[in-house]
Amino acid sequence: MGAAAERTRAPVDASVATTGWALVGVAVVLVLGAATRYLEQTIPAATEGSAFGEVAAVIEYPVYAIVLGLLGNVALAQLGLRDRLAAGFRTEFFIKTGLVLLGASINIAVIVRVTGPAIAQALVLISVVFGFTWWLGGRLGLDDKLRALLASAVSICGVSAAIAAAGAVQAKREQLAYTASLVVLFALPSIFLLPALVDAFDLGPAVGGAWVGGNIDTTAAVSAAGAVVGEEALQIATIVKTTQNALLGVVAVALTAYFAFRVEHSAGSARPRARELWERFPKFVLGFLTASIIATVFTDAVGSAAARPLISTVNDLRTIFLILAFVAIGLEFRVAPLREAGWRPIGVFASATVVNLAVGLGLAVLLFSGFSAARP
C-alpha cells in the first residue's frame, strides 16, 4: 500500500475507533440507567418493614442514578477508560430530550400562568447574581473570560450557559472545563440539600419549586431536585429554569457584543451579527412548549381518561431520559481541573451561590406564594 493511501486510511481508522468508543460509552450509560431503574423499583419493596425501609421509600431515582454514575466514573478512571468513553456520556442530549417530554405532562395554561413571575424572577436573579459574580471576580483579579464563564454559569443555567459564554467571549478550553467541573461540584449537593431545606422551611411545592429552579445551576440537577420535592415542584422548577435558559441567548449576545466592542475591540474585529441571538437561543425550549401544546390539545379533545395511557407512556420515557442524564452527570464529573485553578474562582463561585440562594428565596416567596399548578 502506498504512502498516500496510508495517509488517507489513518484518519478513517481513527474516526471509526472514536465512534466505537463513543458507542461503548453510551452502552455504559444505558447499563447504569437500567441498574438505576431496577434499584428504584425493587429496593423500597425489598426493605419495607426494616430499619432502612422508611429511608428507602423516599429515595428517588436521581439519587441512585448519580451515585451509580459516580461509582462508574471511579471504576472507569481506574481502568483508564473514562476519557476514551466520554464522548458517549451525552448529558446535554439526554436532559434536553427528557425536558421536551416533560412538556407533555404540563398543561399549557400552567406554563402561561407561571411564565409571568418566572420571567420577573429570572430577570432580577440573573442581573443581581451575574453582576455580583462579575464584580467579585474583578476584585479578586480573575481573567475577564473566566469571570464571564463563572458569572453566566452561576446566574443562568450552569454548563449550557458556560458553553454559550465560552463561545461568545472565545474562552480557553481549560477555562470551560474548569467552570463545568465547578458547576457539577456545587450542583450535586444541591440536589439533596435544597429539597431538605424546602421541607425544613415548609415552603410548599410552588415556592420550593421556584427556589430550586432559580438557584440550582444545571437543568439536570434542577430536574433531580424538583423530582425529590414532588411532581408539582418539578413542573414549576422546570418552567422557572427553562425561562432562565430562554434568556441565555440574550446574555450570550450581550457578552459577545461587550467583548467585541469593549474587551477585545480592534480595527480588524468582526461586528457581532443580529442572527447570533437566534443561533444561541436554546432550541429545546421550543420543543418543551410544543409538547405541552400538543398534549393539552390532545387531552382536551379526547378527555383526560382516554389521554392518560399515552401521557403515562410519555412520562415513563421522560423518566428514562432523565435517569440517563443523571448517570451521565456522575460519569462526567472531574476533580483535576478544580485542583489546578486554585481557591479564588471557587471562592467567587461559592459566594455567588450564597447570594443566589438568598435572593432566589426572597423572589420565590414574593412571586410564588399561593400559586398552584392545578387548574383553577
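Begin with Arg 147 and Asp 144, which form a salt bridge whose closest N and O atoms are 2.7 Å apart. The model is a predicted one. Both residues belong to helix α7 (residues 144-157), and because they are three residues apart there, about one helical turn separates them.

Arg 147 lies over the face of Trp 134, 3.9 Å from the ring centre. The C-alpha atoms of Trp 135 and Arg 147 are separated by 8.7 Å, and the two residues are 12 apart along the chain. Is Trp 135 buried, partly exposed or exposed? With a relative accessible area of 49%, Trp 135 is partly exposed; the cut-off for exposed is over 50%.

**The other salt bridges**

The structure holds three salt bridges. Select Glu 231 and Arg 318 next: their closest N and O atoms are 3.4 Å apart. This pair links distant parts of the chain, with Glu 231 in helix α12 (residues 231-246) and Arg 318 in helix α16, 87 residues apart. Glu 231 counts as partly exposed at 41% relative accessibility, whereas Arg 318 is buried, with a relative accessible area of 5%.

Then move to Glu 40 and Arg 37, a salt bridge in which the closest N and O atoms are 2.9 Å apart. Both residues lie in helix α1 (residues 3-46), three residues apart, or about one turn of the helix. Arg 37, at 24% relative accessibility, counts as partly exposed.

**Aromatic pairs**

How many aromatic pairs does a search of the whole structure find? The search finds six. Select Phe 186 and Phe 349 to see one of them: the ring centres are 5.0 Å apart and the planes are at 50 degrees, so the pair is tilted. Phe 186 sits in helix α9 and Phe 349 in helix α18 (residues 343-368), so that the pair links distant parts of the chain, 163 residues apart. Both Phe 186 and Phe 349 are buried.

Next, select Phe 201 and Trp 211. They form a tilted aromatic pair, with 6.2 Å from centre to centre and 35 degrees between the planes. Phe 201 is in the loop between α9 and α10, and Trp 211 is in helix α10, 10 residues apart. Trp 211 counts as buried at 3% relative accessibility, and Phe 201 counts as partly exposed at 44%.

For a further view of ring contacts, display Phe 93, Phe 94 and Phe 321, which ring pairs link into a cluster.

**A loop residue**

Stay in the loop between α9 (173-200) and α10 (204-215) and select Asp 202, which is placed there. Phi of Asp 202 is near 55 degrees, a positive value in a residue other than glycine. Most residues other than glycine have a negative phi. At 68% relative accessibility, Asp 202 counts as exposed.

**Nonpolar cores and a surface patch**

Turn now to the interior. In soluble globular proteins, nonpolar side chains tend to be buried together. The largest nonpolar core holds 51 residues; Val 29, Phe 89, Val 212, Ile 216, Phe 326, Val 327 and Leu 331 touch the most other members. Helix α16 (residues 304-332) supplies the largest share of this core, nine residues. A second, separate core has 17 residues, among them Val 129, Leu 146, Ala 162 and Leu 182.

Finally, return to the surface and select Phe 298, Val 302 and Leu 310. These residues form a nonpolar patch with about 230 Å² of accessible area together. Phe 298 lies in helix α15 (residues 284-302), and it counts as partly exposed at 30% relative accessibility.

How values were computed
Residues numbered from 1 in each chain as written. Predicted model: local features only at pLDDT ≥ 70, side-chain atom pairs only at ≥ 80, totals over all residues. Heavy atoms only, no water. Helix = DSSP H or I, 4+ residues; strand = E, 2+ residues; numbered from the N terminus. Buried < 20%, exposed > 50% of the residue type's maximum accessible area, 1.4 Å probe, protein only. Phe/Tyr/Trp six-rings, centres within 6.5 Å; stacked < 30°, edge-to-face > 60°. Lys NZ or Arg CZ within 6 Å of the ring centre and 35° of its normal. Patch = residues over 30% accessible without salt bridge, like charges linked within 9 Å, V, L, I, M, F, W, Y side chains within 5 Å. Areas by Shrake-Rupley, 256 points an atom, 1.4 Å probe, with all protein chains shown as cover. Salt bridge = Lys/Arg side-chain N within 4 Å of Asp/Glu carboxyl O. Core = buried A, V, L, I, M, F, W, Y, C linked by side-chain atoms within 4.5 Å.
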